[in-house]
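These are my notebook entries on one structure.

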Amino acid sequence: MEVRDVLTEIFMIDVIVEGCLSPELRRRILQQDRSLAEVEALGITLEGVEHQVKDFGKKAHDPPLSHQIMKISNNPSVKFRGRPTAYRPLSNRYRQTNIQAGVSCFNCGRRDHISSADSCPARGKVCHSCNRVGHFESRCRFRKSQTKSSIPTKQVRSIEKETDPIDKPMLEEACKTYYTFYTGNDSNVMQCEVGGVGLDLLIDSGSDANLITDTVWENLKQRKVTVTDCVKGSNRVLRGYASDVPLTILGTFVADVKVGKKVTRAEFYVIKDGQRCLLGDKTAKDLGILRIGLDIQQVEQSDKPFSKIRDVQVQIHMDAAAKPVFQPLRRIPMPLDNAVNRKLEQLLNRDIIERKEGPASWVSPLVVVGKSNGEPRVCLDLRRVNEAVLRERHPMPTVDDYLSRLGEGKYWSKLDIKEAFLQVELAPESRDVTTFITNTGLYRFKRLPFGLVTAPEVFQKVMDQILTGCPGTMWYLDDVIVEGDDLEQHDARLKEVV
C-alpha cells in the first residue's frame, strides 16, 4: 500500500510539472525534490504572490485619488432598469459622462468608476447572497427579496395589519385541501375496534384523513360506540380522487382505534353518501399496520457458526529465517470500546476467531475502521507479517481471459460469495501468524483473514479446485458467472455450481 501511494504521488507531481502554467512553480519543483503536499502549498503561495503583483501593477498606472476631479451634482441617481441584451464596450466619453453625472457602479456602489472598469474592487469577489462572482452582497441584483436602494422621500406607503400568529395555523388548517383515495380495492381491509365496536376499515396510504360513512355512523351509535369531541360539521375540505367536488362532511368525532394490542386515538370524519370506511395514512402508521422503510421483514442476524468450505484447510508458509515481530497494542477511542468488544464477541460466536493461549511469536495490532452504517470494521495490520510470508504465486486470471470467453451464451447469472475469505479455514499450525492484540487479550484467526498478502492467491486456488470442470462457469475470487445457450442449460449449470 505504501509503494502504491509513493508511485501515485510521484505521478501527480510529474503531471503538475508538465501541465502547470507558472514557469516559476515548474522551476522550483525541478530545482528540489518536494512532496505532493509541499508542491501544493508552494503553488498556492506563488499564485497569491502573482495576484498581488498584478494588483500593484494596476494601481501604479492609475492616477492618485487626490489628482482625480470629482463633480458633485444635485441630480438624483440614475436607476438602471435592466442590463442590455448584448454587451457593448463603452466609449471613454460615455464613461466620463457617467462618472461626472454621479452614476454609481452597480457592482460595488462607488462613484469614481463604472462597472466595467478594471479598478472595480468587486472584480473576482463572490456575492454572499447569490454566490455569483463580480459584485458585492449590498449590490446584488439576484436576491429573491431585494430592497430598493433609493426610495422617494415623499412616497406614502400603507402598512397592513399582520394577522395574529396564533391564528395562522387555524387559517392554514382551514385553507388546506385533504385528499382521500378509494378506487374500489378492498384487499387491504383490516378488522379494527373503533370506540370499542368492531369495524372493517380499508387501509389507504393515500388518504390524509379517517373516514366513516353516514350509514356506518348510525350503526355505530346504535351499538353504543364510545367517542369524544363529537362536533357537527367541519372547516376542512376533503376531496376524492380526481374529483373537484368536495365531500360533504356531516361531523367529526375522536375515538380510540385498537388493532391487536396497539391502541391510538384518532379523529374520524362522517361523510354523507360515502362509499367506504377508510383508515388514513397517519393512523395506520401509528398502529404499525403501515410501515415504510428498508427494515421491513428484516431477518435478525444470529451469531451461529459461519459456514466454511468443507474439507479445505489452507496453510500460510513463512520464511524460516524471518524473525517474529511482536507489535504493541494500539489504543482505540474510548467511545468505540463497547462496539469493538461486541464485534469480537460476535466473531468468537461465529467461529471466525479464537482466543490465543500460551506464548505468542507473531503479534499484530488491531485497526478499527468505521463503516457507512456506523458499525466498526475490525481489521489487522499485517504488514510486518506479510514481509515474511512466502507467496504461492498461483496464476490469477486477467480481464482478457474473461472477455475471450464471455458472451457466448444467452442467459447469465452472477453469484457473489458472502465474506469469501472467511469461508476458508486455516490449518491449526498456520493460525499463530494471525494473532492480534486487543485490550481484552490475544486472539487469532481460524479463517483466512483479510489483509494477508497471499490471501487472494490462496482463495483463487481453492476456487479453481472446486469449480474446474463446470462448463459455462467463470470465476474471479468471489465473483462467479454462469452462462448457458438456453434457459434449461443455464439452470442445469447453475444448479451444479450451487
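**Entry 1: Arg493**

Is Arg493 buried or exposed, and which side chain of opposite charge is nearest to Arg493? Before answering I noted that this is a predicted model, in which local features need pLDDT of at least 70 and side-chain atom pairs count only at pLDDT 80 or more, while totals for chains, interfaces and linings use all residues. Residues are numbered from 1 along each chain as its sequence is written, and side-chain values use heavy atoms, with hydrogens and water left out.

I found that Arg493 is buried and has no salt bridge. Buried means under 20% relative accessible area, exposed over 50%, and partly exposed in between (1.4 Å probe, protein chains only). A salt bridge is a side-chain nitrogen of Lys or Arg within 4 Å of a carboxyl oxygen of Asp or Glu. The nearest side chain of opposite charge is that of Glu483, 5.5 Å away. For charge, Lys and Arg count as positive and Asp and Glu as negative; His and the chain ends are not counted.

I then listed contacts (heavy atoms within 4.5 Å). Leaving aside neighbours within four places in sequence, Arg493 touches Pro471, Gly472, Val482, Glu483 and Gly484.

**Entry 2: helix H12**

Arg493 sits in helix H12, residues 487-497. Helices (H or I, at least four residues) and strands (E, at least two) are DSSP runs, numbered from the N terminus. The buried residues in H12 are His490, Arg493, Leu494 and Val497. Seen down the axis of H12, these fall within an arc of 100°, so they line one face of the helix. The arc is taken from the directions from the helix axis to the C-beta atoms. On the face turned away from the buried side I found the exposed residues Glu488, Lys495 and Glu496. I also checked what covers the buried residues of H12: the cover includes strand E14 (411-416), helix H11 (455-467), strand E18 (473-476) and strand E19 (479-484).

**Entry 3: aromatic pairs**

I searched the whole structure and got 6 aromatic pairs. Rings of Phe, Tyr and Trp (its six-membered ring) pair if their centres lie within 6.5 Å; planes under 30 degrees apart count as stacked, over 60 as edge-to-face and the rest as tilted.

Phe253 and Phe268 are stacked, with 5.4 Å centre to centre and 10° between the planes. Phe253 is in strand E7 (residues 249-259) and Phe268 in strand E8 (residues 262-271), 15 residues apart. Both Phe253 and Phe268 are buried. The rings of Phe421 and Phe459 have centres 5.4 Å apart and planes at 50°, so this pair is tilted. Phe421 lies in the loop between E14 and strand E15 (425-426), and Phe459 in helix H11, 38 residues apart. I noted Phe421 and Phe459 as buried too. Ring pairs also link Trp217, Phe253 and Phe268 into a cluster.

**Entry 4: salt bridges**

How many salt bridges are there? I got a count of 21.

One of them joins Arg350 and Glu419, at 2.8 Å from N to O. Arg350 lies in the loop between helix H8 (337-349) and strand E11 (353-355) and Glu419 in the loop between E14 and E15, so the pair ties together parts 69 residues apart in sequence. Arg350 is buried, at 6% relative accessibility, whereas Glu419 is partly exposed, at 29%.

Arg28 and Glu24 form a salt bridge at 3.0 Å, N to O. Both lie in helix H2 (residues 23-31), 4 residues apart, about one turn of the helix.
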